[in-house]
Amino acid sequence: MLTVPFRLRYRLAWDHDLCRAVAGIFGRVVMRALQQRAMWRGVADGRSGAVVVIQRFGGALNLNLHFHALVIDGVFARGGARDLPFHETPRLTTLDVAEVLAAIEPRVARLLERRDVGEADEDRWEAQAPVLAGLASASVEATRGSGQRSADQARAFEGDDLASGRCLARANGFSLHAGVVVPAGQRVRLERVCRYVLRPPVASDRLAVAADGRVLVTLRHGWADGTAVVALDPMTLLGRLAVLVPRPRINLLLYQGVLGARSAWRAEVVRLAVPSAAAEVGPAPAGEAAPRVARTRGLRWAELMRRTFAFDVLACGRCGGRLQLIALIEQTAVITRILRHLGLPIVVPAPCPPRSPPTSALADADAWTW
């Protein structure tokens, strides 16, 4: 995980091209470090890969743009005409992480210099959307709305969502953590890591409404000053959520190295997945052909629903058994006949118009503070 200085978080949250460039530097430097470690072990021309996830939020719904990277802990190297073996590299140490960060920081500085990005540079976000820019600046600087920043809040937010322990390096507002390693074969643990880096800004079970109308956000990790819950008035909450929404038509999931779409080795590295049931198929008896194993490019839609929303659509609510898909009916006439036979409405109801805010909310609007 790579975090950047506060002012740079604000610029990257608006300028997606600059954000992708920083993410590219991050991935290339890490993969270059793995390639060098493989060369020390006699593996020449090794290539690694990574999936970089751009996250825009912190634990308190603050604008905290940072980068998570799922990096292959080794390299692929061409061994023969068609052979592409994988060579695992030793785990990184804290000194290795510090060296990688020392290579990232000057490259980012040169990138900013080439693009004339500085403190005195024109703020295009403020020029195009001044209200949103103000909310974003306040959220990055850990303030309440447009007010003055609290020193205690700034110190607390500075360590927000930042892991601690080994393989952690900090320098000049940058920090790099590489202490999470998933051993080969532990697919369940790998899925948990993927779920973590792809999680939404906040879970519903972390939100609660206080008696005075403020929204309480429970922090995943307490701050250094002991804060475990952050109270936000409704307008502040909406402002923080607004700046977490990325700009239209941008991609927050980037594939690099051998996992990139233009990599010549991608087709050899990325294999078609084999269902877990295939592992239960034993060797074929003598004289018989081996059973053909069906291959799939992904999970079934029902399995995706269960993993994503914790809702098993194929579980029968009456007997607890398993449902099976018998047929898929798409003809409108057939659907109408079935609904009419079951006594169900056949006309799609018109959507209800949006309601206005409650009268009490309008009366208290002037009392809301930022």
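Predicted model: local features only at pLDDT ≥ 70, side-chain atom pairs only at ≥ 80, totals over all residues.
Eight salt bridges are counted in the structure, while the number of disulfides is zero.

**Helix α1**

- The buried residues of helix α1 are Leu 8, Arg 9, Tyr 10, Arg 11, Leu 12, Ala 13 and Trp 14.

**Salt bridges**

- Side chains of opposite charge can pair when their charged atoms come close.
- Arg 78 and Glu 268 meet through their side chains in a salt bridge, with an N to O distance of 2.9 Å. This pair links distant parts of the chain, 190 residues apart, with Arg 78 in the loop between β4 (74–76) and β5 (86–88) and Glu 268 in helix α9 (residues 266–269).
- Arg 78 is partly exposed, at 36% relative accessibility, and Glu 268 is also partly exposed, with a relative accessible area of 25%.
- A salt bridge also forms between Arg 307 and Glu 191, whose closest N and O atoms are 2.7 Å apart. Here too the pair links distant parts of the chain, because Arg 307 belongs to helix α10 and Glu 191 to helix α7 (residues 187–197), 116 residues apart.
- Arg 307 counts as partly exposed at 29% relative accessibility, and Glu 191 is partly exposed with a relative accessible area of 24%. Through salt bridges that share partners, Glu 191, Arg 195, Glu 303, Arg 306 and Arg 307 are joined into one network.
- Arg 214 forms a salt bridge with Asp 212, the closest N and O atoms lying 2.9 Å apart, and Arg 214 is partly exposed at 38% relative accessibility.

**Surface patches**

- Arg 110 is located in helix α3 and counts as partly exposed, at 42% relative accessibility.
- A nonpolar surface patch is made up of Ile 329, Val 334, Ile 335, Ile 338, Leu 342 and Leu 344, which together have about 470 Å² of accessible area.
- Leu 344 sits in the loop between α11 (332–341) and α12 (359–363), and this residue is partly exposed with a relative accessible area of 43%.

**Cysteines**

- The sulfur of Cys 316 has its closest cysteine sulfur in Cys 319, at 3.7 Å, and therefore the two are too far apart for a bond, given that a disulfide requires sulfur atoms within 2.5 Å.
- Cys 352 is exposed, with a relative accessible area of 72%.

**Backbone and single residues**

- Most residues other than glycine have a negative phi.
- Leu 61, which is not a glycine, has a positive phi near 60°; Leu 61 lies in the loop between β2 (49–57) and β3 (63–71) and is buried, at 1% relative accessibility.
- Arg 249 likewise has a positive phi, of about 60°, without being a glycine; Arg 249 lies in the loop between α8 (234–244) and β11 (253–257) and is exposed, with a relative accessible area of 82%.
- Trp 301 lies in helix α10 (residues 301–309) and counts as exposed at 52% relative accessibility. From Trp 301 to Val 313 the separation is twelve residues in sequence and 9.5 Å in space, C-alpha to C-alpha.

Technical notes
Residues numbered from 1 in each chain as written. Heavy atoms only, no water. Helix = DSSP H or I, 4+ residues; strand = E, 2+ residues; numbered from the N terminus. Buried < 20%, exposed > 50% of the residue type's maximum accessible area, 1.4 Å probe, protein only. Patch = residues over 30% accessible without salt bridge, like charges linked within 9 Å, V, L, I, M, F, W, Y side chains within 5 Å. Areas by Shrake-Rupley, 256 points an atom, 1.4 Å probe, with all protein chains shown as cover. Salt bridge = Lys/Arg side-chain N within 4 Å of Asp/Glu carboxyl O.
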